[in-house]
Amino acid sequence: MRAVCAVLLAAASVAAGAQEVASYTVEGDGIPLPLADAQGDPQRGRAIVASRQLGLCLLCHPAPIPEERFQGDLAPSLAGAGARYSPAQLRLRVVDPRRINPASFMPAFHSAHQPSRIGAAWAGKPILSAQQVEDVVAWLATLR
């Protein structure tokens with residue numbers, strides 16, 4: 001499973017353009033301030049989650065995106081995520097889920113710390129840009 005995740009992380013990093021990691025501060029179980037200057041766009045966030053080349057979220061999570069077939073069942077459903085978590089909590093879970101659960105196999109989407117089986121060209125680079133994280137958080141927050 002880890003080898004598959006590492007390959008997928010590498011592919012996602014290439015698709016995202018492997019940008020630099022934005023600075024952020026964790027407070028409690030969340031990141032209270034947005035990572036990007038622009039507000040997140042829920043439509044773009046939904047597209048990232050649904051993307052089989054960029055977010056790869058549906059590889060493990062089921063989500064309320066009925067037109068996408070073959071959704072995963074290894075991780076919790078994204079349905080109702082906005083009712084369960086605040087935007088700050090969602091942001092931390094996307095940025096670096098291992099800060100909440102060190103045993104998580106979910107990749108850190110906006111962190112320089114990735115599994116050891118990632119190609120040297122992608123080491124130290126985030127999968128999603130700061131703006132893409134904000135877009136995903138904006139969409140997840142709508143799921144009530």
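Axes here are lines fitted to C-alpha atoms, for helices over the stretch in contact, and the angles between them run from 0 to 180 degrees between N-to-C directions. The views below show a predicted model.

**View 1. The crossing of α2 and α5.** The axes of α2 and α5 come within 7 Å and cross at roughly 100 degrees. Because angles of 65 to 115 degrees count as roughly perpendicular, the two helices α2 and α5 are described as roughly perpendicular to each other. On the α2 side the contact is made by Pro-42, Arg-44, Gly-45, Arg-46, Ile-48 and Val-49. On the α5 side the contributors are Gln-131, Gln-132, Asp-135, Val-136, Ala-138, Trp-139 and Thr-142.

**View 2. Helix α2 and its N-terminal cap.** The buried residues of α2 are Gly-45, Ile-48, Val-49 and Ala-50, and these buried residues pack against α5. The N-terminal end of α2 is capped by Asp-41, which has a side-chain oxygen 2.9 Å from the backbone nitrogen of Gln-43.

**View 3. The largest nonpolar core.** This core holds 29 residues, of which Val-49, Leu-128, Trp-139 and Leu-140 touch the most other members. Two or more residues come from each of α2 (42-50), α4 (87-95) and α5 (130-142). Helix α5 gives the most to the core, with seven residues.

**View 4. The surroundings of Trp-139.** Residues up to four places away in sequence are not counted here. Beyond them, Trp-139 touches Pro-42, Gly-45, Arg-46 and Val-49, and also Ala-63, Pro-64, Ile-65 and Leu-78. Trp-139 is also among the residues of α5 that make the contact with α2.

**View 5. The covered helix α4.** Eight of the nine residues of α4 are buried, and the helix is thus mostly covered. The buried residues are Ala-88, Gln-89, Leu-90, Arg-91, Leu-92, Arg-93, Val-94 and Val-95. They pack against α3 and α5.

**View 6. Ser-51 in the loop between α2 and α3.** Ser-51 is placed in the loop between α2 and α3 (81-84). Its relative accessibility is 17%, so Ser-51 counts as buried. The side chain of Ser-51 reaches the backbone nitrogen of Leu-54 at 2.9 Å.

**View 7. Cys-57 and Cys-60.** A disulfide is a covalent bond between the sulfur atoms of two cysteines. The count of disulfides in this model comes to zero. Cys-57 is in no disulfide, and the nearest cysteine sulfur, that of Cys-60, is 9.0 Å away. With a relative accessible area of 15%, Cys-57 is buried. Cys-60 likewise counts as buried, at 12% relative accessibility.

View 8. Most residues other than glycine have a negative phi. Leu-56, however, has a phi near 60 degrees, a positive value in a residue other than glycine. Phe-70 has a positive phi of about 60 degrees although it is not a glycine. Leu-56 is found in the loop between α2 and α3, and Phe-70 lies in the loop between α2 and α3 as well. Leu-56 is buried, with a relative accessible area of 17%, whereas Phe-70 counts as exposed, at 67% relative accessibility.

Note on methods:
Residues are numbered from 1 along each chain as its sequence is written. This is a predicted model: local features need pLDDT of at least 70, side-chain atom pairs count only at pLDDT 80 or more; totals for chains, interfaces and linings use all residues. Side-chain values use heavy atoms; hydrogens and water are left out. A nonpolar core is a set of buried Ala, Val, Leu, Ile, Met, Phe, Trp, Tyr and Cys residues joined through side-chain atoms within 4.5 Å. Buried means under 20% relative accessible area, exposed over 50%, partly exposed in between (1.4 Å probe, protein chains only). Helices (H or I, at least four residues) and strands (E, at least two) are DSSP runs, numbered from the N terminus. Contact means heavy atoms within 4.5 Å. A polar contact is a pair of N or O atoms within 3.5 Å; within protein, one must be able to donate a hydrogen and the other to accept it, and residues adjacent in sequence count only if both atoms are side-chain atoms. A disulfide is a pair of cysteine sulfur atoms within 2.5 Å. Angles under 35 degrees count as roughly parallel, over 145 as roughly antiparallel, 65 to 115 as roughly perpendicular and the rest as oblique.
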